[in-house]
Amino acid sequence: MTKGNAFVLGATGQVGRASVRALVADGWEVTAASRGGARDDGWPDGVRTVRLDRNEEGALAAGLGDGCDVLVDIVAYDAGHGRQLTGLADRIGSAVVVSSGAVYEDERGRSFDTQDRPDGFPAYPVPLAEGWRTVAPGDATYGTRKIALERELLAAGDALPTTLLRAGAVHGPYCPGPRELWFVKRALDGRPVRVLAYGGTSRFHPAHVDNIAELVRLAAAAPGGRVLNAADPEAPTVAEIGAAIDAVLGAESETVLMEGAPQGTVGLTPWTSEHPVVYDMTAAERELGYRPVVSYAESLPETVEWLTGHLRGREWREAFPGLAKYRVDLFDYAAEDAWLASRS
């Protein structure tokens, strides 16, 4: 006997792939919808695939057909997507929607939207719970759009019970912008040294795709209107991440700690932050009985294997356009060498 019908929107992204696997394993009949309509090799034959672009008029309604017991939306982005779902509430039993930790702001109104300004990086409480203040809803930035999405869905109340998952720094296979590449490529290039700003103590809470998928699975089976953080059981420092990746690759690297902020790209990593970002996971444990299925260190061998295979024979910007779009040279070894030489 199945638990019901689950419709996963954005099924071939990194979180969607894992969510489909978790739902099938838990007894759901799953329809995997994506713009390409592709199938993941790890899905069982029973998974139905649908080619669907939600931004095409009527496409989602047509794809849903007679409806589903739970809709899992990995790619919802703004208030318009929220209204799209609430407009189909009569065909959706409940929803699980991925939001972002980017919605939070600190007591001075700083958020990820202000991080590039002088003294603009937010200083959140540690750990950061779901009841903390957020940015104002709007359509100007990623964070303001995500909170607008949340407000739209929560306003639906019992008409569409929705669990919103505020994800941390997502990692794992199929990541379009893998932060781990910063260390992996250095090891593959035989780079003997790496420079870490803020003494290597930056913490930007990661969220492995399998842990997010576990939250999706639990929320699908327990419908309700709620907002929950989605993150790994630990938030390692950037120095600890580097050491863990070296251990997987069997590499030996010298870590040079820079006190204070990066100097241009020197000392800058995808986790670099002046203040720690650590999400409180006690609400998910209390409300859903959530227990993480993998730790950050345990997940790394699979991630590193996927990264090295995806990078093989290609320039990193071509292999990972999600990182290249920031137009920052993450591997400016000449600048690092010049900085290191200036210290001697």
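A residue counts as buried when its relative accessible area is under 20%, as exposed when that area is over 50%, and as partly exposed in between. The structure described here is a predicted model, and this report applies these terms to several of its residues.

**A buried asparagine**

N211 has a relative accessible area of 1%, which is under the cut-off of 20%, and therefore N211 is buried. This residue belongs to helix α6, which covers residues 209–221. A polar atom of the N211 side chain lies 2.9 Å from the backbone oxygen of V294. When residues up to four places away in sequence are not counted, N211 touches D232, P233, Y290, P292, V293 and V294.

**The protein as a whole**

The protein contains twelve helices and eleven strands. Its radius of gyration is 21 Å, close to the 20 Å given by the globule rule for 344 residues, so the protein is as compact as a globular protein of that length. The C-alpha trace spans about 70 × 45 × 35 Å along the principal axes. Of the 344 residues, 54% count as buried, N211 being one of the buried residues. Among contacts between residues at least 6 apart in sequence, 75% join residues at least 24 apart. The accessible surface comes to about 14900 Å², and carbon and sulfur atoms account for 48% of this surface. The protein carries 34 positive and 48 negative charges, whose mean positions are 3 Å apart.

**Partly exposed loop residues**

| Residue | Loop | Relative accessible area |
|---|---|---|
| D119 | between β5 and α4 | 43% |
| Y174 | between β7 (169–171) and α5 (181–188) | 40% |
| Q263 | between β11 (254–257) and α8 (282–288) | 49% |

Leaving aside neighbours within four places in sequence, Q263 is in contact with M258 and W339. The C-alpha atoms of Q263 and D210 are separated by 35 Å, and the two residues are 53 residues apart along the chain.

**Backbone geometry**

Most residues other than glycine have a negative phi, and most peptide bonds are trans. D119, which is not a glycine, has a positive phi of about 55°. Y174 also has a positive phi, near 70°. A cis peptide bond, with omega of about 0°, joins V126 and P127. P127 is found in the loop between β5 (92–100) and α4 (142–155), and the place of D119 is likewise in the loop between β5 and α4.

Conventions. Residues are numbered from 1 along each chain as its sequence is written. This is a predicted model: local features need pLDDT of at least 70, side-chain atom pairs count only at pLDDT 80 or more; totals for chains, interfaces and linings use all residues. Side-chain values use heavy atoms; hydrogens and water are left out. Helices (H or I, at least four residues) and strands (E, at least two) are DSSP runs, numbered from the N terminus. The radius of gyration is taken over C-alpha atoms; the globule rule is 2.2 Å times the number of residues to the power 0.38. Buried means under 20% relative accessible area, exposed over 50%, partly exposed in between (1.4 Å probe, protein chains only). Contact means heavy atoms within 4.5 Å. Accessible areas come from the Shrake-Rupley method with a 1.4 Å probe; for residues, only the protein chains shown count as cover. Lys and Arg count as positive and Asp and Glu as negative; His and the chain ends are not counted. The place of a charge is taken as NZ of Lys, CZ of Arg, CG of Asp or CD of Glu. A polar contact is a pair of N or O atoms within 3.5 Å; within protein, one must be able to donate a hydrogen and the other to accept it, and residues adjacent in sequence count only if both atoms are side-chain atoms.
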